[in-house]
Amino acid sequence: MRTSLLWTAAGATFVGVPAGLALTGGTVDPALTWSLATGLALLTLLLRRFPATVLIVSLCCVTAWRTADLIGAGWVWPATAAFAANVLAGRVRTAVVAGALTVWYGFVWDYFVQLGSFDATIGRVGAEALWLAAALALAQAYRSTRRWQDEVAGRLRQTLEQRELEARRRRAEERVDIARDLHDVVSHTLAVVGVHLNVALDAFDDDPAEARDALRLAQDVRGRAMGDLRALVDVLRFEGGEPAHGLEGLDDLAERVRSAGVAVHVAERGERTAVPAPVATAMYRVVQESLTNTVRHAGATSAAVTLDYGPDAVVADITDDGSGGPVTEGRGIMGMRERVAALGGALTAGSGAAGGFTVHATIPLAL
């Protein structure tokens with residue numbers, strides 16, 4: 001049991017025992033009543049470590065007070081907190097057996113020792129048995145609810161961990177692809193430059209003009225390779241993490257894409273400040289991933305980003321003039337779609353009507 005529950009149970013016992021005895025006419029001496037209540041409340045504070053022991057000792061105390069005529073009512077209900085604690089601790093059988101034995105002893109004492117009438121004895125003991133059954137049922141229901149909540153939380157935690165592992169795997173695959181692209185660019189460039197340098201070396205004395213042309217071609221190949229390398233390095237920089245200020249990082253993102261050789265035009269309609277932070281972050285990531293795909297895969301020279309901040313939703317359209325090509329989840333579309341869907345939105349991606357690649361995302365403002 002939690003500490004707060006223990007203190008609540010102790011307080012309820014300290015107040016409930018005298019109140020219950022007063023209502024049932026079982027108060028013989030207020031001092032004796034409050035001493036029993038104090039003892040049971042103190043025992044309640046030990047329920048976390050010794051639930052079964054506290055239950056047995058509590059029932060023994062109540063039984064001793066009752067058989068000594070120090071109180072005039074009650075067999076099991078003064079120890080309700082101890083019964084509930086045992087159920088919450090998984091000791092349902094202990095609580096049931098202890099309660100049944102105490103109720104039986106109470107019937108025997110009231111009917112055979114106190115010589116009470118059968119109907120009155122059954123009424124008193126039966127009422128306590130019903131009270132005990134209700135308390136045990138409520139405790140078991142609470143325990144089942146908590147176990148269900150813990151299981152749901154555990155499954156959710158496991159799902160989040162699996163998603164994180166999947167995201168890390170996808171990022172690792174993306175980096176492998178980038179490394180492969182870097183290797184291809186560098187090896188191809190070195191091979192082509194080497195061929196032209198050999199041509200220039202062979203023609204240096206006999207045909208200087210041909211040597212100059214070969215060197216010029218090698219220089220052009222080197223220049224294009226440097227542009228490709230800068231683009232790939234920029235892609236790595238794009239994937240470094242979440243933006244610090246959501247959509248406020250759009251201008252910096254566009255400038256970095258421009259430095260990679262793709263002209264980017266950003267158009268915004270509406271009030272950016274009305275967009276909640278989770279939506280702004282998700283939209284930034286959609287634009288970031290789309291432009292990253294443009295730099296890496298599309299072979300585009302320009303891209304357009306349009307953001308419409310409406311009263312109910314944010315709509316983003318990202319298009320480029322590249323080669324388009326078949327839509328595959330490997331382009332990061334899966335990650336974008338999951339991020340948008342988590343906020344109740346939708347994302348589509350594919351080839352545009354005029355060619356190139358287009359991404360359309362809608363996220364509602366009401367989360």
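**View 1. Glu-268 and its salt-bridge partner Arg-272.** Glu-268 is partly exposed, with a relative accessible area of 33%, where buried means under 20% relative accessible area, exposed over 50% and partly exposed in between (1.4 Å probe, protein chains only). Its side chain forms a salt bridge with Arg-272, the closest N and O atoms being 2.6 Å apart; a salt bridge is taken here as a side-chain nitrogen of Lys or Arg within 4 Å of a carboxyl oxygen of Asp or Glu. Arg-272 also counts as partly exposed, at 26% relative accessibility. This view, like those that follow, shows a predicted model, in which local features need pLDDT of at least 70 and side-chain atom pairs count only at pLDDT 80 or more, whereas totals for chains, interfaces and linings use all residues. Residues are numbered from 1 along each chain as its sequence is written, and side-chain values use heavy atoms, with hydrogens and water left out.

**View 2. The salt bridge between Arg-169 and Glu-166 in helix 6.** The closest N and O atoms of Arg-169 and Glu-166 are 2.2 Å apart. The two residues are 3 residues apart in helix 6 (residues 118–203), so about one helical turn separates them; helices (H or I, at least four residues) and strands (E, at least two) are DSSP runs, numbered from the N terminus. Arg-169 is partly exposed at 38% relative accessibility, and Glu-166 is partly exposed at 29%.

**View 3. The salt bridge between Arg-256 and Asp-252 in helix 8.** The side chains of Arg-256 and Asp-252 meet in a salt bridge with an N to O distance of 3.4 Å. Because they lie 4 residues apart in helix 8 (residues 250–259), Arg-256 and Asp-252 are separated by about one helical turn. Arg-256 is buried, with a relative accessible area of 16%, whereas Asp-252 is partly exposed, with a relative accessible area of 46%.

**View 4. A network of salt bridges linking Arg-66, Asp-110 and Arg-124.** Salt bridges join Arg-66, Asp-110 and Arg-124 in a network. The structure as a whole holds 8 salt bridges.

**View 5. A patch of negative charge on the surface.** Asp-202, Asp-205, Asp-206, Asp-207 and Glu-210 gather in this patch. Patches are made of residues with over 30% relative accessible area and no salt bridge, like charges being joined within 9 Å and nonpolar side chains (Val, Leu, Ile, Met, Phe, Trp, Tyr) within 5 Å. Lys and Arg count as positive and Asp and Glu as negative, while His and the chain ends are not counted; the place of a charge is taken as NZ of Lys, CZ of Arg, CG of Asp or CD of Glu. Glu-210 is found in helix 7 (residues 208–238) and is partly exposed, with a relative accessible area of 38%.

**View 6. A nonpolar patch on the surface.** Phe-14, Val-15 and Trp-34 form this patch and have about 280 Å² of accessible area together, computed by the Shrake-Rupley method with a 1.4 Å probe, only the protein chains shown counting as cover for residues. Phe-14 has its place in helix 1 (residues 3–24) and is partly exposed, with a relative accessible area of 33%.

View 7. A search of the whole structure finds 0 disulfides, a disulfide being a pair of cysteine sulfur atoms within 2.5 Å. The closest cysteine sulfur to that of Cys-60 is in Cys-61, at 7.0 Å, which is too far for a bond. Cys-60 is partly exposed, with a relative accessible area of 48%, and Cys-61 is partly exposed, with a relative accessible area of 24%.
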